Amino acid sequence: MIGDRLLDHLGRRTANWPVRVKLAWLLGLCAGLTAVMGSVAMLVAGWVFASSHAREDAQEVVRSLAYSLQAPVSFEDQRGLTDTLEVLKVRQQVSAAWVESSADGARLASWGVSGAAVPREPDGGGLLAGHMTLGAPIFGPSGELLGRVTVRIDLRAQRDNLVLQGATVVLAGLLALLLSYVLSQGLARRLVQPLLDLSSTASAITQDHAYDRRLAKAGGDEVGQAVSAFNSMLEEIQSRGLALAQAGEQREQLVEARTREARRAEAASDAKTRFLANMSHEIRTPMNGILGMTELALDTTLTPDQREYLGLVKSSADALLVVINDILDYSKIEADKLVIEAVPVALRPLLADTLKPMALRAAERGLVLRLEMAANVPDSLRSDPGRLRQIVLNLVGNALKFTERGEVCLQAHCTRDVHGQPWLHLAVRDTGIGIAPDQQQRIFESFSQADASTTRRYGGTGLGLAICARLAELMGGSIRVESAPDQGSTFHVSLQVQDDDLGAAPVSTVDMLRPGDAAQARAPGEAVPLRLLLAEDNLVNQRLAVLLLTRLGHAVCVADNGAEAVALHTNDPFDAILMDMQMPVLDGLAATHAIRATEATGSAGAVRRVPIIALTANAMQGDRERCLAAGMDGYLSKPIDLVQLQQALHRVALARTSEGSASTRPRPAPLAQTTDAPDLDRAALLERLGGEVSLIDELVAVLVEDGRLRLAEMATAIRDRDSEALTSAAHQLAGASGNCSAIALERLARQMLVLAHGQRHGEAAALLPMLLERLQRLEERAGLQPAAVTAA
């Protein structure tokens, strides 16, 4: 309202002014207002930006300082605290900093603070105050609060600089106002001929299609009305053109945004897949050693207590492997990386073989385990046998776990829907504790069980039924439960299958699974001696595989990497090759390609094709396919199942026996044994090895050899200031020495790990000779040559 009245008043006062004067004043006023508003906006924006930037810089300084102080505060390193604070000298805007303990608030260190009293000033300040005080907590490696660091930032220079910039902007605005007035006078003189301007503008628009041009109003006469109509026409044309252009830009932006989202989603999925593959490998590799060495120890002469303890270790490791498999399977399902196969399945043998290993568990609990197959179940159908087995194992395993007396029964029958699609229906019935109605849907959710008491009493990850539900969905079916507390449960699974061989004459069967079935299924056959090449870079896995294969009566030659395996096979072919996937120089896939190439050219010393079996800690979808596509003949995932390994080698032995080659080849010479005892806690190591004294020397020798490599890696990492490589080498040495009860070496390695985390390469270089000295003492005891490792 006030603006309208002001414009009306100005219009009446200037009604009789010449057009040139009106235009001059109008242009000058608009330019002046623009200059003033622009100056004010720039001042406000500059002030806001400077304040925000100053606070962000201060927060970044205090966060970085808190992270750098984590190690000194954790180890009460006063010198480290002082050195870290004195680094702030290079930041001129930091005027003071101090560190306080979280326990009693005592000052641990300070810089730029005069006197004994520490300023007690809350977070605040800003450009107007000329300073800013910010603090940040210091957390330990386990997340515990260790203390607090406070930094005082001097902002007077920024404030003075901003004031100077504001004065400059105001001066520039005044100059712009003066210049706009001068220019408006000249422009007004040029607009006194509106007709000429209208003609020239119309011609320019016709030629250039620049519809954003406008003519200044020329008053209320006919010429002014024509100019107004012309401007209106231009506005309409421009608005429509802009609308069309904006619509096109929006479509392009939408397409581009969706393309970026798809790429990001694909990249995230690939990253998750790589992470799962690495996690599978890193977890299964030590699990292979734990389970394998435990089984070997159980086969030795033990006291009853030792056998009980090792039995508990093995059962715990088996349970841990089940948890690991559940988590990896669930992660693969969540990442949409699990592919359902459709291959011929002999359902009756599949279900019977799946239940046989569980018969002993049922018998130990005094339960009856039954398998009932309806007459309409065909002898063969097409589905995914691995996923069928996984669903059955999960459901029957749960039933056995939650049933204390009675029976567990697996029922199977087939139906067809109205479209003729065959369906397989599985039902697992138990007489266990049952499930409350309000919990029956929740149990199919991830990480869920019926209630807290069930978790405490029976354990488990809560992923088994969630995986079954997702697998059933991926196989085109569903899962549901019928249950009541203390009356048992029945889980119903319906799965889409495909016809394969419905011409057979199926019959209904009822099988009682007994413990002897499981024992018979696991009983190994008589081993036929083979000459094997083991390609494995992990020393623990090398030792475990050699012990297992030697006990089975086979001769073993070890290659530390893929290139060495190719060279050994080229010079002297073996009956079979056990190939690890992740090795230095050449990985398992590349080594397999090279071996197959030498066989194709006839340069492998024989024309026959040597069987190659993959031994890998990777258990992701597609790993088996990649191994077979590379030319391998088998695939065993770690931890290695002894029965599966025996079966694979038995198939090789049958083929070699028919060729007459397995029994005629000489075995490789046995590995040299180290006899000198190392300087370590022999009692602790002997207890860890289950009383196997003969393993002590060999494991210490492995530790010494591995320690040489790790010290060389540390020296290189310190020289290159590569904290990540130093962390990795120190971590591996600490773990290996701890497993061998080399206490002093382990402690020094863990101290090196702390220095690596803190990027304190100077202190790490000083610690390296101490590690070298400790390792040389072990080398002398082990009768090895000293390692050629020097400090960086």
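A residue is called buried here when its relative accessible area is under 20%, exposed when it is over 50%, and partly exposed in between (1.4 Å probe, protein chains only). By this criterion Thr84 is buried, with a relative accessible area of 16%. The model is a predicted one, in which local features need pLDDT of at least 70 and side-chain atom pairs count only at pLDDT 80 or more, while totals for chains, interfaces and linings use all residues. Residues are numbered from 1 along each chain as its sequence is written, and side-chain values use heavy atoms, with hydrogens and water left out.

**Confidence**

The pLDDT, the predictor's confidence in each residue on a scale from 0 to 100, has a mean of 75 over the chain, and 73% of the residues reach 70 or more. Residues 450-457 have pLDDT below 50, and this stretch has nine contacts in the model beyond near neighbours in sequence; a contact means heavy atoms within 4.5 Å. Residues 785-792 are likewise below 50, with 23 such contacts. Where pLDDT is low, the predicted coordinates should not be read in detail.

**N-terminal elements**

Helices (H or I, at least four residues) and strands (E, at least two) are DSSP runs numbered from the N terminus. Thr84 belongs to helix 4 and touches Leu65, Ser68, Leu69 and Pro72, not counting residues up to four places away in sequence. Glu76 lies in the loop between helix 3 (70-74) and helix 4 (78-86). The C-alpha atoms of Glu76 and Leu108 are separated by 8.9 Å, with the two residues 32 residues apart along the chain.

Strands pair if DSSP finds at least two bridges between them. Strand 1 (residues 94-101) and strand 2 (residues 107-111) run antiparallel and are joined by four bridges, with Val99 opposite Ala109. Five residues lie between the strands of this hairpin, in which Gly105 takes a positive phi near 75°.

**Accessibility of selected residues**

| Residue | State | Relative accessible area |
|---|---|---|
| Glu76 | exposed | 70% |
| Cys414 | buried | 13% |
| Cys468 | buried | 1% |

The structure holds zero disulfides, a disulfide being a pair of cysteine sulfur atoms within 2.5 Å.

**Nonpolar cores**

A nonpolar core is a set of buried Ala, Val, Leu, Ile, Met, Phe, Trp, Tyr and Cys residues joined through side-chain atoms within 4.5 Å. The largest has 44 residues, of which Leu347, Leu351, Leu388, Leu395, Val396 and Leu426 touch the most other members. Elements that each supply at least two residues of this core include helix 9 (347-364), helix 10 (385-401) and strand 10 (422-430). Contacts of Leu426 include Leu351, Leu388, Val392 and Phe491. Another core, of 34 residues, lies apart from the largest one, and Leu703, Ala715, Leu748 and Ala756 are among its members.

Five strands form an open sheet in the order 16-15-17-18-19, with parallel pairing. Strand 16 (555-559) and strand 19 (634-637) stand at the edges with a single partner strand each, so one side of each is left without a neighbour in the sheet. Neighbouring strands are turned by 20° against each other on average, direction ignored; axes are lines fitted to C-alpha atoms, for helices over the stretch in contact, and angles run from 0 to 180 degrees between N-to-C directions. Strand 17 (residues 576-580) and strand 18 (residues 612-616) pair over four bridges, and Ile577 stands opposite Ile612 in strand 18.

Helix 14 (residues 539-551) packs on the sheet, touching strands 15, 16 and 17, and its direction makes about 165° with that of strand 16. Helix 16 (residues 588-601) also packs on the sheet, touching strand 17 and strand 18, at about 150° to the direction of strand 17.
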